[in-house]
Amino acid sequence: MTNILLNLSAKKILHLNPDTQRDLFSHLLDFLGCFADDGNETALNAINEIYSRLYDSLLHTRQSRKLKRIIYNYEYICIDLIQLYDIRFCQRILADIGTYFIKKSYLSNHELKWSFEWFFTCAKDRFGESLLNAMEKDNSLEIVKFKEIMSSEDTPKKRIVYPEYTADIIIKKLAENQLRITDRLRFRRADDKEKIKLAQYIISENNIDNKIKLIKFFAYNDNSFPLSYKLLIPYIKSENEELRETVLDTLCYIKDDDLHDIALELVQQQSNWAAKMIIYHYRDTDKEWLKQFLKNLSIDYSEKSHWHTIVMAMLYNISKGQLPCEFLLFIYEFSLCSCCRESAVDKMK
């Protein structure tokens, strides 16, 4: 019966979409890993087959968002495998990654290195000096490439200014349906006068969909809405759910004491999205309230309660010292996101 269940889990994991089912992949792999750790051959064979298929996808998928998700799953299974096998198997994985580095040599060392920094840290924790000594003695092309990338120094990215990103260009792109996420990122480097001009246009824009697209330009910690937040308040009562949530998201990054009380009132009206605002405007007096809120928060794969948004907001504000570290335990125990749990553990150290 156990082997039947393991075979079903293996078949399921092999057909998961890496773009949309990353959390389920992690959970199923952890499930197989529990049996593999006890020497179950069915589980071990399944994990090795999954590794082979993922590695093939890693080598033959072009540079894209899909590849980044494949890398995440591949790195995750690598970490599982080094817990199950000896140092020689770990060296095989290092060589496989070295082959990937050679194939993707057109990418920067920084990008390649940080794709597998988590795995390499786990490998060093698992095998210690023995691994480093074994790598030093191995002069194969793949291992040499792996060492070169993972030992490269990180060079800070140059701050790029985009003076050509004016409000008029953004409005023109909007009219032509040509706006991209990259436009939002680059507009953060635009001149302050242009940001004010775009904010003024948002307030005068009557088309709801266009208004939503433009408000998102100011949903960043380093690019908050440049006009009075009071101009956005009417939209939090809109019947359009996306508009409400976009505005609430934008208000998180505006520093004003009054926004805390507004958010608290909205949460009491069953608006979970507003809880993110409270976390970003956290006060010491909110601790008991937040504990009770989290206790009643529905956490499931539908994310209808916006639990993942709330958890990520907690992680960010804990890292900034604006939220007590004791909430890390909640994230570790209840989050369905393996990445968030991993981040919580890292911050507990």
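A: Let's begin with one term: a residue is buried when its relative accessible area is under 20%, exposed when it is over 50%, and partly exposed in between, using a 1.4 Å probe and protein chains only. Please keep in mind that this is a predicted model, where local features need pLDDT of at least 70 and side-chain atom pairs count only at pLDDT 80 or more, while totals for chains, interfaces and linings use all residues. Residues are numbered from 1 along each chain as its sequence is written, and side-chain values use heavy atoms, leaving out hydrogens and water.

You will find Val247 in helix 14, residues 241-251. Helices here are DSSP runs of H or I with at least four residues, strands are runs of E with at least two, and both are numbered from the N terminus. Setting aside residues up to four places away in sequence, Val247 touches Ile215, Leu232, Tyr235 and Ile236, where contact means heavy atoms within 4.5 Å. Pro234 lies 13 residues from Val247 in sequence, and their C-alpha atoms are 9.6 Å apart in space.

Now step back to the whole protein. It has 20 helices and zero strands, and 47% of its 349 residues are buried. Among contacts between residues at least 6 apart in sequence, 64% join residues at least 24 apart.

In soluble globular proteins, nonpolar side chains tend to be buried together. A nonpolar core is a set of buried Ala, Val, Leu, Ile, Met, Phe, Trp, Tyr and Cys residues joined through side-chain atoms within 4.5 Å. The largest such core has 62 residues, and the members that touch the most others are Leu198, Leu251, Leu294, Met314 and Ile331. Helix 18 gives this core its largest share, seven residues. Looking past neighbours within four places in sequence, Leu198 is in contact with Ala167, Ile170, Ile171, Phe187, Leu214, Phe217 and Phe218. There is also a second, separate core of 52 residues, with Leu6, Tyr51, Ile93 and Met150 among them.

Helix 20, residues 338-348, gives us another view of burial: its buried residues are Ser338, Cys340, Arg341 and Ala344. They sit on the same side of helix 20, because they cover an arc of only 160 degrees around the axis, with the arc taken from the directions from the helix axis to the C-beta atoms. Their cover includes helix 2 (22-36), helix 4 (65-84), helix 18 (307-319) and helix 19 (327-334).

For contrast, look at two loop residues. Asn177, in the loop between helix 10 (167-175) and helix 11 (181-187), is exposed, with a relative accessible area of 55%. Its phi is near 55 degrees, a positive value in a residue other than glycine. Glu303 belongs to the loop between helix 17 (287-296) and helix 18; at 33% relative accessibility, Glu303 counts as partly exposed. Glu303 also has a positive phi, about 60 degrees, although it is not a glycine. As background, most residues other than glycine have a negative phi.
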